[in-house]
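Student: Could you walk me through this structure feature by feature? I would like the general idea each time, and then the case at hand.

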Amino acid sequence: RMIALTPVWTVVSWACVLVICAIIDSMFCGLETGIYRLNRIRLDLRASDGDPAAMTLQRMGRNFSNVLSVLLISTNLCRHIATLAISALFMMGGSGERTPWLTMAVATPVMFVLQESLPKSLFQQFPDALVYRLAWMLKWASRLFNACGIAPLVRAFATGMVRLLGGDPAAS
């Protein structure tokens, strides 16, 4: 049986998609931890001094459910695309029916260590140094996901679930 060769540019393209999504996901994952650890007094001081990143973070912090929604959407979107890229690479490599298992075997440790544990640890140790540098990403992701309606949908779903479980949505 003959195996058709996949053009090199296709393999390189999927590999680039994987690397880009892994990097973006790790940044958003780290931002989630970093925002919780951010020194609020320094944030207020930097914002009052006119620091654009601090002003962005301060403004976005007023609607924390939006920030959380944007972070969760961003990380999940990147992880799904990264997993798709890993599967595509295995399929192009001729893995056939083993592709789902191989994808899981590769994606799980990559996502857990490189995209989850390492960024969270770094942002926990250096929140003031890292969060301000990535405030622009959070701002633009928020604009994008709010403009297309995904962030409001996630917030509405979360509010509905809190109400359904007997909680107070204003407290969350």
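Tutor: Gladly, and let us begin with salt bridges: a salt bridge here is a side-chain nitrogen of Lys or Arg within 4 Å of a carboxyl oxygen of Asp or Glu. This is a predicted model, in which local features need pLDDT of at least 70 and side-chain atom pairs count only at pLDDT 80 or more, while totals for chains, interfaces and linings use all residues. Residues are numbered from 1 along each chain as its sequence is written, and side-chain values use heavy atoms, with hydrogens and water left out.

Student: Which residue meets arginine 42 in a salt bridge?

Tutor: Side chains of opposite charge can pair when their charged atoms come close. In this model the partner of arginine 42 is aspartate 128, with N to O at 2.3 Å. This pair links distant parts of the chain, 86 residues apart: arginine 42 sits in helix α2 (residues 40-48) and aspartate 128 in helix α6 (residues 127-131). Helices are DSSP runs of H or I with at least four residues, strands are runs of E with at least two, and both are numbered from the N terminus.

Student: Is arginine 42 buried, partly exposed or exposed?

Tutor: Buried means under 20% relative accessible area, exposed means over 50%, and partly exposed lies in between (1.4 Å probe, protein chains only). Arginine 42 has a relative accessible area of 45%, so it is partly exposed.

Student: How many salt bridges does the rule give?

Tutor: The count comes to six. One of them joins glutamate 32 and lysine 120, at 3.9 Å from N to O. Those two residues are 88 apart, with glutamate 32 in helix α1 (residues 8-37) and lysine 120 in helix α5 (residues 99-125). Glutamate 32 counts as buried because its relative accessibility is 18%, whereas lysine 120, at 22%, counts as partly exposed. Another salt bridge pairs aspartate 51 with arginine 46 at 2.8 Å, N to O. Aspartate 51 is buried at 18% relative accessibility, and arginine 46 is partly exposed at 31%. Salt bridges that share partners also build one network from Asp25, Glu32, Arg79, Glu116 and Lys120.

Student: What does the protein chain look like as a whole?

Tutor: The protein chain has eight helices and zero strands. Its C-alpha atoms fill a box of roughly 70 × 40 × 30 Å, taken along the principal axes. Of the 172 residues, 33% are buried.

Student: Which residues touch the most other members of the largest nonpolar core?

Tutor: A nonpolar core is a set of buried Ala, Val, Leu, Ile, Met, Phe, Trp, Tyr and Cys residues joined through side-chain atoms within 4.5 Å. The largest one has 24 residues, and Leu31, Leu57, Leu71, Val131, Tyr132 and Leu138 touch the most other members. The elements giving two or more residues to this core are α1, α2, α3 (52-61), α4 (64-92) and α7 (135-147). Of these, α7 gives the most, with five residues. A second, separate core of six residues includes Cys21, Cys78, Ile86 and Met111.

Student: What does leucine 57 touch?

Tutor: Contact means heavy atoms within 4.5 Å. Leaving aside residues up to four places away in sequence, leucine 57 touches Leu38, Leu43, Val131, Tyr132, Ala135 and Leu138.

Student: At what angle do α4 and helix α8 pack?

Tutor: Two packed helices are described by the angle between their axes and the distance between the axes. Axes are lines fitted to C-alpha atoms, for helices over the stretch in contact, and angles run from 0 to 180 degrees between N-to-C directions. Angles under 35 degrees count as roughly parallel, over 145 as roughly antiparallel, 65 to 115 as roughly perpendicular and the rest as oblique. α4 and helix α8 (residues 150-164) pack at about 110°, with their axes 9 Å apart, so α4 and α8 are roughly perpendicular to each other. At this meeting, Ser65, Asn66, Ser69, Val70 and Ile73 in α4 meet Ile150, Ala151, Val154 and Arg155 in α8. Serine 69 is buried, with a relative accessible area of 6%.

Student: How do the axes of α1 and α4 cross?

Tutor: The axes of α1 and α4 come within 8 Å and cross at roughly 155°. That makes α1 roughly antiparallel to α4.
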